[in-house]
Amino acid sequence: GSEMCIRDRYLSGRGVMRSEAHAVRCFQLAADNGQPDAQWELGGCFMNGVGTVKSEGMAVYYRKLAADQGHQAAQYAMGDYYLNGVGVVANEAMAARYYKLSADQGNMHAQFNIATSYQYGRGVKADSSEAVRYFQLAALQGHAMSQFCLGCCYAKGSGVEQSDVEAVRCYRLAVDRPHGYFKAQYALGLCLEKGRGVERND
């Protein structure tokens, strides 16, 4: 809306004098009218003390409003806040709830987090099949840690049929990411050394 356009101009200095405080006032107007993007941005201003006093409580208040309207990034952030007790009392069940909401909208970081929640039973009932499903979703988006964890699931037969070949395939995906994931590098090295899922390479 118009408030968001004005906000963008104040933050960037396009056509107006740059002013974080004015941007916050624009966010406030839009947020109080129920605009989830503005609620998300205003929460960030409160979290970081940009243009206003720093307040974790107010940050969580506005980002929760956005999350409860389906804002994917806000849902992921709320998962983090509940997991780590930022501005709220730590609550693994609530963390898992918000991670799952964000994950089901395609956020790969949330997919990884809810996968580990299912893997270890943090805030949800442990379910290795659901863990694998979310690791797979994140892995398909190139999330290196998920690719590695999916490889581990195949190596152990946890939530999926055991397959050293599939484990190696997943490890390779993680290794081939920029600055390849070090745990996957180690796991792949062991497979190459012992000839698991690959031809032995001496």
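Guide: In this predicted model, the secondary structure comprises 11 helices and zero strands. Along the sequence the pattern therefore reads α-α-α-α-α-α-α-α-α-α-α. The chain has 202 residues, of which 40% count as buried. Among contacts with a separation of 6 or more, 40% join residues 24 or more positions apart. The accessible surface of the chain is about 10500 Å², and carbon and sulfur atoms hold 51% of that area.

Buried residues in H6 are Ala 95, Ala 96, Tyr 98, Tyr 99, Ser 102 and Ala 103. Their cover includes H4, helix H5 (72–84), helix H7 (108–120) and helix H8 (128–140).

The side chain of Lys 100 meets that of Asp 104 in a salt bridge, at 2.9 Å from N to O. Asp 104 also counts as partly exposed, at 47% relative accessibility. Side chains of opposite charge can pair when their charged atoms come close.

In helix H8, Glu 130 and Arg 133 are three residues apart, which means a separation of about one helical turn. Their side chains form a salt bridge of 2.9 Å, N to O. Arg 133 is partly exposed, with a relative accessible area of 34%. Another salt bridge, of 2.8 Å from N to O, links the side chains of Asp 68 and Lys 64. Asp 68 is partly exposed at 44% relative accessible area, and Lys 64 is partly exposed at 29%.

Helix H4 (residues 56–67) also contains Leu 65. Together with Met 58 and Tyr 61, Leu 65 forms a nonpolar patch on the surface, with about 260 Å² of accessible area in total. Leu 65 is partly exposed, its relative accessible area being 31%. It can therefore belong to a patch, for which the cut-off is over 30%.

In soluble globular proteins, nonpolar side chains tend to be buried together. The largest nonpolar core here has 53 residues, and Phe 135, Phe 148 and Tyr 171 touch the most other members. Helix H9 (residues 144–156) gives the most to this core, with seven residues. Leaving aside residues up to four places away in sequence, Tyr 171 touches Phe 148, Gly 151, Cys 152, Ala 155, Ala 184, Ala 187, Leu 188 and Cys 191.

One backbone detail remains. Most residues other than glycine have a negative phi. His 179 is not a glycine, yet its phi is positive, at about 55°. His 179 lies in the loop between helix H10 (164–175) and helix H11 (182–194). At 81% relative accessibility, His 179 counts as exposed, because the cut-off for that class is over 50%.

Terms used
Residues are numbered from 1 along each chain as its sequence is written. This is a predicted model: local features need pLDDT of at least 70, side-chain atom pairs count only at pLDDT 80 or more; totals for chains, interfaces and linings use all residues. Side-chain values use heavy atoms; hydrogens and water are left out. A nonpolar core is a set of buried Ala, Val, Leu, Ile, Met, Phe, Trp, Tyr and Cys residues joined through side-chain atoms within 4.5 Å. Buried means under 20% relative accessible area, exposed over 50%, partly exposed in between (1.4 Å probe, protein chains only). Helices (H or I, at least four residues) and strands (E, at least two) are DSSP runs, numbered from the N terminus. Contact means heavy atoms within 4.5 Å. Patches are made of residues with over 30% relative accessible area and no salt bridge: like charges are joined within 9 Å, nonpolar side chains (Val, Leu, Ile, Met, Phe, Trp, Tyr) within 5 Å. Accessible areas come from the Shrake-Rupley method with a 1.4 Å probe; for residues, only the protein chains shown count as cover. A salt bridge is a side-chain nitrogen of Lys or Arg within 4 Å of a carboxyl oxygen of Asp or Glu.
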